[in-house]
Amino acid sequence: MAIFSSHHRMLVSLLLTLVQIQAKVFCYQYKVGDLDAWGIPTSANPQVYTKWSKYHNLTIGDSLLFLYPPSQDSVIQVTEESYKRCNIKDPILYMNNGNSLFNITSKGQFFFTSGEPGHCQKNQKLHISVGEGIIETMDTAPGPSSSLPASAPSYPTVFGNIPVAPSTSTSPQLTSTFQLLIIGFMICAHFASLM
């Protein structure tokens with residue numbers, strides 16, 4: 001008697017497919033700056049991008065949406081050194097269509113700035129960390145002007161709700177995947193008892 005019948009193999013295969021589909025659902029598209037479009041920060045919120053990156057836990061599969069008037073701005077991905085020096089020559093990636101989407105496909109540090117001369121010096125730049133935990137910013141010294149309240153609000157936009165900073169509790173993806181595994185094993189056990 002085989003340990004796994006063809007029915008069991010089919011159920012296990014179905015369960016694995018469900019887990020893969022469930023994991024895909026938790027990829028988000030984040031509008032850089034939330035309610036603010038990609039542009040030179042205002043005097044009322046000069047560290048908008050530093051704050052934004054600090055309070056978003058980005059993962060592989062997520063994407064960044066940069067919205068801006070294409071006739072007035074662009075976005076470039078640069079090296080860390082170019083980011084620190086606001087050097088916009090020789091970017092890694094250049095986007096200028098006003099509706100630029102950057103797909104996150106790997107862990108690491110990513111650096112962006114405006115491709116327009118002088119914009120980076122006015123803090124139109126973004127540093128994100130993917131899969132390495134929340135980073136301490138290299139752009140500003142800690143202080144009251146660079147902190148957000150512990151429970152930052154989530155605002156609805158045309159792209160749906162903007163996720164707030166994650167809490168320290170168990171992630172919904174992990175909980176949901178675990179629940180699917182338990183349900184799958186229960187279904188397998190039920191069918192095994194019927195045979």
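**Fold and sheet**

Q: What share of the contacts in the protein with a separation of 6 or more comes from residues 24 or more positions apart?
A: 72% of them. Contact means heavy atoms within 4.5 Å.

Q: What kind of model is this?
A: A predicted model, where local features need pLDDT of at least 70, side-chain atom pairs count only at pLDDT 80 or more, and totals for chains, interfaces and linings use all residues. Residues are numbered from 1 along each chain as its sequence is written, and side-chain values use heavy atoms, with hydrogens and water left out.

Q: How many helices and strands?
A: 4 helices and 9 strands. These are DSSP runs numbered from the N terminus: helices are H or I with at least four residues, strands are E with at least two. The pattern along the sequence is α-β-α-β-β-α-β-β-β-β-β-β-α.

Q: Which strands form the open sheet, and in what order?
A: 4 strands, ordered 4-3-6-7, with antiparallel pairing. Two strands pair if DSSP finds at least two bridges between them.

Q: Which are the edge strands?
A: Strand 4 (93-95) and strand 7 (125-130); each pairs on one side only.

Q: Over how many bridges do strand 3 and strand 4 pair?
A: Over 3 bridges, in the antiparallel sense; strand 3 covers residues 75-78. Across that pair, Ile 76 stands opposite Tyr 94 in strand 4.

Q: New topic. How much of the protein counts as buried?
A: 35% of the 195 residues. Buried means under 20% relative accessible area (1.4 Å probe, protein chains only).

Terms used:
Buried means under 20% relative accessible area, exposed over 50%, partly exposed in between (1.4 Å probe, protein chains only).
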